[in-house]
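My notes are below the display.

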Amino acid sequence: MDGLSASVDYLFLKDQLKGNLPTLPAIFDDLSLMLKDPNSPTHSIQEMMRSDQTLSMKVLRVANSVQYRGERQRVTDVCEAISTLGFDKIHMVILTSSVFKAFKVDNAKKLTYDPAELWKHSLGVAVASSTIAELTNIVPHQRAYSCGLVHDIGKVARLQLHPEDFCRDVGDALYDEVSMIEIERKKNSPSHDLLGCIVCQEWGLNRDVESVIRWHHEDDVSKRDSVCGDDMNALIDVVMAGNWLAHSMNYGFSGHRSAKHLSPQIRERLALDDDQVEFFKEETRESFKEFKNFLKLVERSVV
């Protein structure tokens, strides 16, 4: 990995992580990629989901909620559930329920930081990124949602490995009124973008996700080593804008309250003026309302 801090032994941390992070369902990556394509045959998705009965049950629970089933008969199989919810909602159920478990931290009640707030922030970034992607049509909104949801997984890794150190960094970020990434770099703490990249590699997730996790704090395209193509850089930009929106709207708490202005470089590449930024805020706020009940249903289904 490029640009590693000489004072942090990331190879040692990588070994530590192997026994301290939950695994995602085996079909997570393949199924999320398949669901990006609306032309994917329903029977192919159905067969893949049948290989994970727990996931299938979660999808059925959401599909059988009053919100989606209405007055129709009870949904009894995955094929019906896909028809009831549609590709986008299935995509969200799979990703959200899978990733939810990864945000659970051992002995969280003893910490001065609540990991549930990081989960809320990550959901906020996912929804905001998806909204921006859909409005601009720059990148597929499913990709933006997926990447936004796990962009801060490196913070979960820090909480699992050295929770007290992470909590101290949170306190310092609040006291200094700066971001977590600034505190990590100032104190030579493990950087959550680099740790998140390691987690992504351990999980075997696709290159899109890995690149966003690694570079979601870098607005200079020329410094994003190993990122190839305008599409990939555009996806990183969209998630960075979604991250900024979630912070500025106080959706959850990721460890700091520093919501600086959106980078001029990002605004220029996404062609955003002040009016458009305000429009995105309003649309994101509406999206939060729309997704709120759905996300509650998903969270209930993953208990």
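The entries follow in the order I looked things up.

**Ground rules.** I am working with a predicted model, in which local features need pLDDT of at least 70, side-chain atom pairs count only at pLDDT 80 or more, and totals for chains, interfaces and linings use all residues. I number residues from 1 along each chain as its sequence is written, and side-chain values use heavy atoms, with hydrogens and water left out.

**Aromatic pairs.** I found six aromatic pairs in the structure. Rings of Phe, Tyr and Trp (its six-membered ring) pair if their centres lie within 6.5 Å; planes under 30 degrees apart are stacked, over 60 edge-to-face, the rest tilted. I looked up F100 and W119: the centres are 5.3 Å apart and the planes stand at 75 degrees, so this pair is edge-to-face. F100 is in helix α6 (residues 78-102) and W119 in helix α7 (residues 115-136), so the pair ties together parts 19 residues apart in sequence. I take helices (H or I, at least four residues) as DSSP runs, numbered from the N terminus. F100 counts as buried at 18% relative accessibility, and W119 does at 5%. Buried means under 20% relative accessible area (1.4 Å probe, protein chains only). Ring pairs also link F100, F103 and W119 into a cluster.

**A second pair.** Y113 is buried at 2% relative accessibility. F166 is buried at 0%. Their pair is edge-to-face, with 5.4 Å centre to centre and 70 degrees between the planes. I place Y113 in the loop between α6 and α7, and F166 in helix α10 (residues 163-176), 53 residues apart.

**Helix α11.** I checked α11 (residues 180-187) for burial and noted M180, I181, I183 and E184 as buried. Viewed down the helix axis, the buried residues of α11 fall within an arc of 160 degrees, so they line one face. The arc is taken from the directions from the helix axis to the C-beta atoms. The cover over these residues includes α9 (153-161), α10 and α12 (192-203), where contact means heavy atoms within 4.5 Å.

**Pocket lining.** Which residues lie nearest the centre of the largest pocket? I read off H217, M240, W244, K260 and H261, out of 19 lining residues. A pocket is an open set of points on a 1 Å grid over the protein atoms alone, where a 1.4 Å probe fits, with protein on both sides within 12 Å along at least five of seven lines; lining residues have an atom within 4 Å of a point. The largest share of the lining, four residues, comes from α14.

How values were computed. Helices (H or I, at least four residues) and strands (E, at least two) are DSSP runs, numbered from the N terminus. Buried means under 20% relative accessible area, exposed over 50%, partly exposed in between (1.4 Å probe, protein chains only).
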